[in-house]
Amino acid sequence: MNKIKLPARRFEDIPTSGGIRDIVDMADRLEAAGRTIYHLEIGRPDFDSPKIAKDAAKKAIDDGFVHYADMRGVLELREALSRKLKRENGMDVSPENVTVTVGAQAALTAAMMTVLNDGDEVIVPVPCFGAYPSACAMLGARMVPLKCRLEDGFAVRARDVKPLVTDRTRMIVINSPNNPTGAVIPRSEMEGLADIAVRHDLLVLSDECYEHFLYGSEHVSIASLPGMSDRTVTVGSASKTYSMTGWRLGFMVTPPWMTSYANRTHLLMTTCAATFPQYGYAAALDGAGDDVRVMIEEYRERRDLAAGYLRQMKPLGFANPEGAFYILISVEKTGMNATEFCGYILEEAGVALVPGEAFCYPGSVRMAYCKPKEYLAEAMNRMKSAVGKLA
Ligand SMILES: Cc1ncc(COP(=O)(O)O)c(C=O)c1O
């Protein structure tokens, strides 16, 4: 091949196809051919964004906030985030150490780019969100997976992290509630993880995008634990909590020693997040609590509905998720691999799911239940009869 047509060598470790994209393409083809497809593949909340956010963003346009913002984010939003972090997360954070980012995605990449060097090791519990392995590969860091098991409800245990720590370990990535399993890390394990981070002088990257999606458990921000504020990057997002995925707004809280570097990285990637939407996010943080409560109650009912159907599908296995809006389903007893199973369910039932390879967890598929209950019930019924044919 012509040398200029080669991507950077780091792409050798980054898949550019597979996972969600392949399933979406297949689903699109079937839809174009006239089939009805039930989309349970993408984690995109289906609610409208809160009115208070939309009104504030429209007003911001009318008020002329159509130019570059402060690269760290507009002060009103960073102040609203600082209040939220105190109120909800027990974190005492100055707006100086909050950076508004282009979604949590940009925060994760910027945080990792800011601190990781070639060859650094990053411990990541798997199954995991696909951005973590990709960012490690892009940066020449080595991801060290900590395998969590369905039989344990995909629990992350501090005692299992310990043996993975070497003198090259720089960071532990945690994501509670977890995408794709919905597992939540309880306070006792967070304390154990914090203890390991302090003892071994490690950073923690805590992805808390689903912090509000809890069906009985408590959310613990590891940065609020003793000794952790100086070694934790906390990442959050407007996307899921407020059903604002298209606004592309998230944030990172960095330890003061890291803030100027992290700001520089985010500046290099994006200059700044879009200006007028930031006023909408600030309004949502202060005034959309009721919208969030209504959505979470609805998600709990959706989870119960989806789990109820899955229990009737004998060859499938799953752990009842305590949070987020996903269920990771083991397909090992069907005799198919994850891609084959997704292809079969798409063809036979018209239901789109994602193969576990996208989450470093072959042998499983992810379902996102962020759809209305009637839609979900129809999809689950179709899936049940398709799975029934396998017996
Ligand atoms: C665990 C996790 N982190 C981060 C993101 C990125 O979210 P966004 O960039 O929309 O804020 C997602 C999106 O699905 C996610 O599931």
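Predicted model: local features only at pLDDT ≥ 70, side-chain atom pairs only at ≥ 80, totals over all residues.
## What counts as a contact

Two residues are in contact here if their C-beta atoms, placed from the backbone, lie within 7 Å.

## H10 against H12

Start with the pair formed by H10 and H12. On the H10 side, Glu301, Arg302, Leu305, Ala306 and Tyr309 do the touching, and their partners in H12 are Lys373, Leu376, Ala377, Met380 and Lys384. Sort the residues of this contact by type and you get six nonpolar and four charged, with no polar ones.

As for geometry, helix H12 covers residues 373–388, and its axis comes within 10 Å of the H10 axis, crossing at roughly 15 degrees. Angles under 35 degrees count as roughly parallel, so H10 is roughly parallel to H12. The crossing itself is right-handed.

## A closer look at Ala306

One of the H10 residues in that contact is Ala306. Its helix, H10, spans residues 289–311. Is Ala306 buried or exposed? It has 27 other C-beta atoms within 10 Å, and 20 or more is the cut-off for buried, so Ala306 is buried.

What does Ala306 touch once its neighbours within four places in sequence are left aside? The answer is Ile327, Met367, Tyr369, Leu376 and Met380. Two of these names, Leu376 and Met380, also turn up on the H12 side of the helix contact.

## H4 against H8

Now for the other helix pair. H4 (residues 103–115) packs on H8 (residues 256–270) at an angle of about 120 degrees, and the axes are 9 Å apart. That angle makes H4 oblique to H8. Like the previous pair, this one has a handedness to report: H4 and H8 make a right-handed crossing.

H4 brings Ala106, Thr109, Ala110, Ala111, Met113, Thr114 and Val115 to the contact, while H8 supplies Met258, Tyr261, Ala262, Thr265, His266, Met269 and Thr270. By type, that's nine nonpolar and five polar residues, and no charged ones.

## Around the ligand

H4 matters for the ligand shell too, in terms of head count: three residues come from H4, the largest share. In total there are 13 residues around the ligand, and those that come nearest are Gly103, Ala104, Gln105, Ser237 and Ser239.

What is the make-up of this shell by residue type? Nine of its residues are polar, three are nonpolar and one is charged.

Methods. Residues numbered from 1 in each chain as written. Axes fitted to C-alpha atoms, helices over the stretch in contact; angles between N-to-C directions. Helix = DSSP H or I, 4+ residues; strand = E, 2+ residues; numbered from the N terminus. Parallel < 35°, antiparallel > 145°, perpendicular 65-115°, else oblique. Left-handed = near helix turned anticlockwise from the far one by under 90°. Nonpolar A, V, L, I, M, F, W, Y, C, P; charged D, E, K, R; others polar. Near = placed C-beta within 6 Å. Buried ≥ 20, exposed ≤ 12 C-beta atoms within 10 Å, placed from the backbone.
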